Amino acid sequence: MTHPLTIRLDNCAKTWPDGTRALAPLNLSIDAGETLALLGPSGCGKTTLLRMICGLESADEGGRIRFGDDDVTQVAPEARGVGVVFQGYALFPNMNVAGNVGYGLKIRGVDAASRRRRVAEMLELVELEALAERRIDQLSGGQRQRVALARAITIEPRVLLLDEPLTALDARLRQQLRVDLAKLLKTLGITCVIVTHDQEEAMMLGDRVAVMSAGRLEQLGAPETLYRDPASPFVADFLGTLCRLEGGEVATRHGVAALTFRPHEVELAPPGRGLPACVQARFFLGSHIRFELALADGQRFTALAAPDAIWQPGDIVSALIEQARVA
């Protein structure tokens, strides 16, 4: 594989012809061999940023994009050495698996013997060597995703860009392919940017996560850092459920005006030890039970408990929140 590159965006913004600002000016550095996950809701600018790196969108005047020492701001997409996998995979239905994977090599003039050797290597890497002659319409969703990845990396791209690559898959398959994709990216050691709106996917795949909102970069850091020390309420809420309680009971028992905490940081116990709360709803989720609770003043929050927890809606429990943070 080609030696991985650093990517640097300097003062990159994007404004549409009608004056709508899709992306506020940002500076961003991506390390060589790093996987950066761009995380945020629809319309936050993450795909626009990905397309700017790819060259399918141009930055506003004054923005600069560099791959290593090369300024690629004005370089055409096909000359940037980028491999891209979009949501729909865009596979060629008139070609078999091997034909799809080797297409990029063919249009680059690589001889047939070299193409066959390279395609065989890539299919082995994504564990599809037995399906080389299979038609695309005979593949499952997960197999098509692997073909798209193999096609993108066969050309030895300098950068790999993935735009919501697992969105079209069902939940069970998506979970398994997250694990497979994480292993593949580590094996390749290629600089990768992946766009997703799924926080679990971002935290599993990204060495770092960039959380975006309304065209702005809210926070950038390691997944654990963002989860444990969010820079804003938006980041905290987007990276899992964040609960907040305030008022008399909180002040009396914790000596502060308000607390924030994650559901797994709550311990439920019989009445008398912590904040008294009433169970509003109980959801059995296999590995744990999710409880929706309410204080006497109506404030609601969520707690997670072991699957053998016995409390039912209407029960009064104590919520022990020892790891909470001052809001």
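Which residue just after H1 takes a positive phi? Gly-55 does, with a phi of about 105°. The structure is a predicted model, in which local features need pLDDT of at least 70 and side-chain atom pairs count only at pLDDT 80 or more, while totals for chains, interfaces and linings use all residues. Residues are numbered from 1 along each chain as its sequence is written, and side-chain values use heavy atoms, with hydrogens and water left out.

The C-alpha trace of the protein spans about 75 × 50 × 35 Å along its principal axes. Its secondary structure comprises 9 helices and 18 strands, taken as DSSP runs numbered from the N terminus (helices H or I, at least four residues; strands E, at least two). Of the 327 residues, 46% count as buried; the term denotes a relative accessible area under 20%, with exposed over 50% and partly exposed in between, for a 1.4 Å probe and protein chains only. Where residues at least 6 apart in sequence are in contact (heavy atoms within 4.5 Å), 63% of these contacts join residues at least 24 apart.

Helix H1 is mostly covered, 7 of its 9 residues being buried. These are Lys-46, Thr-48, Leu-49, Leu-50, Met-52, Ile-53 and Cys-54.

The loop between H1 (46-54) and strand S4 (64-67) holds Glu-57, which forms a salt bridge with Lys-14 at 3.8 Å between the closest N and O atoms. A salt bridge is here a side-chain nitrogen of Lys or Arg within 4 Å of a carboxyl oxygen of Asp or Glu. Because Lys-14 lies in strand S1 (residues 7-15), the pair ties together parts that are 43 residues apart in sequence. Both partners are buried: Lys-14 has a relative accessibility of 9%, and Glu-57 has a relative accessible area of 18%.

The model contains 18 salt bridges by this rule. Side chains of opposite charge can pair when their charged atoms come close.

Another bridge joins Lys-186 and Asp-207, with an N to O distance of 2.6 Å. Lys-186 belongs to helix H5 (residues 171-188) and Asp-207 to the loop between helix H6 (199-205) and strand S9 (208-213), so this pair ties together parts that are 21 residues apart in sequence. Lys-186 is exposed, with a relative accessible area of 60%, whereas Asp-207 is partly exposed at 28%. Elsewhere, a network of salt bridges links Arg-178, Asp-198, Glu-200 and Glu-201.

The axes of H2 (residues 97-107) and H4 (residues 141-154) come within 7 Å and cross at roughly 25°; axes are lines fitted to C-alpha atoms, for helices over the stretch in contact, and angles run from 0 to 180 degrees between N-to-C directions. H2 and H4 are therefore roughly parallel to each other, since angles under 35 degrees count as roughly parallel, over 145 as roughly antiparallel, 65 to 115 as roughly perpendicular and the rest as oblique. The contact is made by Val-97, Asn-100, Val-101 and Leu-105 of H2 and by Val-147, Ala-150, Arg-151 and Thr-154 of H4.
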